[in-house]
Amino acid sequence: MTSAAVYGTGSWGTAFASVLADAGTTVTMWGRRPEVVAQINAGTNDDYLPELRLPSTIRATTDPAEAAAGADIVVLAVPSQTLRDNLGRWGAALPSSAAVVSLMKGVELGTTKRMSEVIAEVGGVEAERIVIVSGPNLAREIAVKQPAASVVASSSPAMAELVAAACAAPYFRPYTGTDVVGTEICGAVKNVIALAVGMAEGLGMGDNSKASIITRGLAETMRLGLALGGEAATFAGLAGVGDLIATCMSPLSRNHSFGVRLGQGMAVSEVIAVTRQTAEGVKSCTSILELARKNDVDVPIIEQVDAMIQHDRTAQEVVSALLSRPRKAETA
Ligand SMILES: NC(=O)c1ccc[n+]([C@@H]2O[C@H](COP(=O)([O-])OP(=O)(O)OC[C@H]3O[C@@H](n4cnc5c(N)ncnc54)[C@H](O)[C@@H]3O)[C@@H](O)[C@H]2O)c1
Ligand SMILES: O=P(O)(O)OC[C@H](O)CO
């Protein structure tokens, strides 16, 4: 039987642990808060997923070495900006031959590194052991076993297959792929576009406005992803269009909800104060913008989200800035 260690007991770590368990994989979770670990061992995680009754086979611990013992697969589900520190702390606990799965959707501030790059650098993990799982996977829907599909991408087809088999549950359908770069860029950028769509909604705009932002957001995602070596088909797939639609349109998305509040006139600091879970786009808008500039890629929506979050521009100002740009061909 395949055995997995899941690091991170937040929304997605917990929901994905349930998927793994429902797929017949043995799961041990690592959490930093003893009270959450105790709850998981009793079958619940009330802070993050109160609706979830965890499969009884899932165990949790605060000891990173205990979580990793005997694992064929190590799954990382902490906020992107904490991965470097967390990996440093877990250190030698991670098994040297296991697949290392990133569930994270962000780009590191300061270095502009994708999560797989941080895992390789800090964890010393070879590229062929790194696997990305990304798609339209809102944790609260998966937690109540609503059907969804996802992409499992690795430069090693064998590693992708190992992870896909380990998480193929009756309600969760993984598709394998090899485009690590494209899959990661889709996951990180859609959070920033969801902030923009949320802002539009908060301003009272309708579906035409939202669809326009989503579509032009996809154009930005593709330009950046292709410049970094991603494959065109990825952007039309589950990790691309699929996740963009789910995150931009769902009230369950933390990024979308964050944007709605900004559009309604709350200050960034006020929204941060009432947001209890990770809205990755709030920090990644800045690192993604820097990554785009380094690669000479035009990303006007991301630029305006960053202007609002980092430079106190109002939602009205960013809308005007976007609509007053020089006209151009759609495909330019
Ligand atoms: N929630 C979803 O629907 C979903 C779906 C797909 C992907 N993701 C991605 O998965 C990653 C994790 O998201 P999540 O939804 O589980 O986040 P979350 O905010 O629900 O949970 C974060 C977890 O990380 C832990 N953690 C460890 N070190 C931390 C630190 N230094 N600071 C803060 N928290 C720390 C927290 O205790 C918590 O258990 C993100 O990159 C997110 O984009 C989330
Ligand atoms: O709640 P969000 O905005 O982090 O989005 C969750 C997932 O990434 C959707 O696939």
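Me: How far is an oxygen atom of ligand 2 from an N or O atom in the side chain of Asp243?

Reply: This is a predicted model, in which local features need pLDDT of at least 70 and side-chain atom pairs count only at pLDDT 80 or more, while totals for chains, interfaces and linings use all residues. Residues are numbered from 1 along each chain as its sequence is written, chains are lettered from A and ligands numbered from 1 in the order in which they are written, and side-chain values use heavy atoms, with hydrogens and water left out. A polar contact is a pair of N or O atoms within 3.5 Å (within protein, one must be able to donate a hydrogen and the other to accept it, and residues adjacent in sequence count only if both atoms are side-chain atoms). For ligand 2 and the side chain of Asp243, the distance is 2.6 Å.

Me: Which residue has its side chain joined to that of Thr247 by a polar contact of 3.1 Å?

Reply: Thr247 has its place in helix H11 (residues 238-249), and it is buried (under 20% relative accessible area), with a value of 3%. A polar atom of its side chain lies 2.8 Å from the backbone oxygen of Asp243. The side-chain partner of Thr247 at 3.1 Å is Lys190.

Me: How much of the 820 Å² of accessible area that ligand 1 has on its own does the protein cover?

Reply: Oxygen atoms of ligand 1 are 2.9 Å from a polar backbone atom of Gly10, 2.9 Å from a backbone N or O atom of Trp12 and 3.0 Å from one of Lys105. The protein's cover over ligand 1 amounts to 87%.

Me: Which helix gives the largest share of the shell around ligand 1?

Reply: Ligand 1 is surrounded by 23 residues, with Ser11, Ala139, Arg254, Thr278 and Glu280 the closest. Both domain 1 (3-178) and domain 2 (186-323) contribute to this shell, so ligand 1 lies between them. The largest share, three residues, comes from residues 11-22, helix H1.

Me: How many of the twelve residues of H1 are buried?

Reply: H1 reaches 17 Å from its first C-alpha to its last, close to the 16 Å expected at 1.5 Å a residue, and it is followed by Gly24, whose phi is positive, near 95°. Its buried residues include Ser11, Trp12, Phe16 and Leu20. H1 is mostly covered, and of its twelve residues the number buried is eleven.

How values were computed:
A residue is near a molecule or strand if one of its heavy atoms lies within 4 Å of it. Accessible areas come from the Shrake-Rupley method with a 1.4 Å probe; for residues, only the protein chains shown count as cover. Helices (H or I, at least four residues) and strands (E, at least two) are DSSP runs, numbered from the N terminus. Domain bounds come from an automatic or database domain assignment. The expected span of a helix is 1.5 Å times one less than its number of residues. Buried means under 20% relative accessible area, exposed over 50%, partly exposed in between (1.4 Å probe, protein chains only).
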